[in-house]
Amino acid sequence: MVEQSDAGLSRRGLMAVGVASAAVASAPSATAAPAQDAPILATVTLEVNDRKQTLHLDTRTTLLDALREHLKLTGTKKGCDHGQCGACTVIVEGRRINACLTLAVMHEGDTITTIEGLGTPERLHPLQAAFVRHDGYQCGYCTPGQICSAKAMLDEIKAGVPSHVTADLSDKPKLTEAELRERMSGNICRCGAYSNIVEAIAEVAGGLVKGEPA
Amino acid sequence: MRAFTYERARTPAEAAAAAASEPGARFIAGGTNLLDLMKLEIETPRRLIDLGGLKLDEIKATRDGGLRIGALARNTDLAADKRVRKDYPVLSRALLAGASGQLRNKATTAGNLLQRTRCPYFYDTNMPCNKRSPGAGCSAIGGFTRSHAVLGTSEACIATHPSDMAVAMRLLDAGVETVRPDGATRTIPIAEFHRLPAETPHIETALAPGELITAVTLPKPVGGKQAYHKVRDRASYAFALVSVATIIHEDGSGRVALGGVAHKPWRVEEAEAAMPRGAKATTEALLSGARTTAQNAFKLTLAERALGAAMAQPRG
């Protein structure tokens, strides 16, 4: 078990803030934080990219902030911070979720894979390589979320999870362009690289089945 | 976000008792709606009770041939369940029409029922809202109302219920099983679960303080051709302007419920008698008493046409 020194530092910092806000709250002031908002700390152990990490966190810390601010895994991006853009998509217990809409303390013992756990610059994940090959991005900000989402999305198709565009609920879903587009709709690309993203994912999935038009 | 204490509940009854003991306590399961609202300080719980460890995620057959869906069953799992796909396809379709893959992986059955309106004035903390602050007034009335309710509205609130799943649950006559803080259990018929806004739009369901949903039950399958037609501004990942859940039998009889038009899933059983006579006759009865604005009157036409589209599908 690894205890991050960063986390220890941030814990002390948080406690100091807590004491300070408690001290000033008794004096009337428009700017003082109310005493009841002093941070409340909790300990959580996560298994991030095959490494156990124990963190002491303000209970308010989202999984996204725990990854970025405490574990310095900044590959996972903060876009809207409200579950609308998908930039923060990570894989938790094998499933893609929005890391911004879940609290770190809710994930005791959970296995978490971020983009750093999928591949490295020297050893790209096939999806990473395909995104490069197909130019599946422009600014790249949504890319880690797109790739984590795509990885888990292809597993969902393999597991037979239907989607809104699956024509027959009793059938296994087919790997069509319409399926990929529908299933990736929780990942917004402001640069509009969608058609190349579809090509990159399709290549890794082994090619598309000609489907009904979307 | 306001600070809160965090704990993991060990039993449903214990969770209910804990929630009732403190006005600022809230349950958290998937968290996809609650945390969004906590970040905006629209929700400000002082104590969060995490239900994640309660093992309420099973989906199993009931003795009377129906299905008992654990409160914590994820939207993805419920939509993909083989029995749901075969016997209650309108429920799979409604679930798959909502949110994104990521959100469905986290959102739970009970949480979906309890999600709050996406009225933009409810979300804008600079504007008065009777849901956020009872008695403050409604900014939507007289504001931009294209997305708002046209049925069952009040002078206090014209918000809609955003759920797709709940519309299918209403169509299927689901029951909401709960445990109360004193340990007593009950089943609330889905028709009585969501409330119209009336004078108290901040009270959205029939749940008592601390009362916890443990499961949603479905009666035995009723067959028929089942469909969920959702009309929205984008092809995916958007809330309904109007949605129509239908069960249509070979003789043209059936059931219909609407989403996106009211503070709860909208179903009028008496109107269903008109279904064999077509969409126009049915919607005349179903939409009776509608109160529209120039911006949202289109929802009535849209509902009729979406129902017409569902009725035009082959019934075999």
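## The antiparallel sheet of chain B

In this predicted model, chain B holds an open sheet of three antiparallel strands in the order β9-β10-β11. Helices and strands here are DSSP runs numbered from the N terminus, with at least four residues (H or I) for a helix and at least two (E) for a strand. Two strands pair if DSSP finds at least two bridges between them. β9 (225-231) and β11 (254-259) of chain B each have a single partner strand, so one side of each has no neighbour in the sheet. From one strand to the next, the twist averages 10°.

Let's look at one pairing. β10 (residues 242-248) and β11 of chain B are joined in the antiparallel sense over six bridges, and Ala245(B) has Ala257(B) in β11(B) as its bridge partner. Helix α5(B) packs on this sheet, touching β9 and β10 of chain B, and its direction makes about 20° with that of β9(B). Contact means heavy atoms within 4.5 Å; axes are lines fitted to C-alpha atoms, for helices over the stretch in contact, and angles run from 0 to 180 degrees between N-to-C directions.

## The parallel sheet of chain B

Chain B has another open sheet, with three strands in the order β1-β3-β2 and parallel pairing. Its edge strands, β1 and β2 (25-28) of chain B, pair on one side only. Neighbouring strands are turned by 25° against each other on average, direction ignored.

Four bridges join the parallel strands β1(B) and β3(B), and Tyr6(B) stands opposite Leu48(B) in β3(B). Helix α1 (residues 12-20) of chain B packs on the sheet and touches β1, β2 and β3 of chain B, with its direction at about 145° to that of β2(B).

## Where the two chains meet

The contact takes 40 residues from chain B and 42 residues from chain A. Together the chains bury about 3,400 Å², 53% of it on carbon and sulfur atoms; buried area is the accessible area (1.4 Å probe) that two parts lose on being put together, summed over both.

Four salt bridges cross this interface, each a side-chain nitrogen of Lys or Arg within 4 Å of a carboxyl oxygen of Asp or Glu. In one salt bridge, the side chains of Arg95(A) and Asp77(B) meet at 2.5 Å, N to O. On the side of chain B that touches chain A, α6(B) gives the most, with five residues.

## How to read the model

Residues are numbered from 1 along each chain as its sequence is written, while chains are lettered from A and ligands numbered from 1 in the order in which they are written. Local features need pLDDT of at least 70, side-chain atom pairs count only at pLDDT 80 or more, and totals for chains, interfaces and linings use all residues, while side-chain values use heavy atoms, leaving out hydrogens and water.
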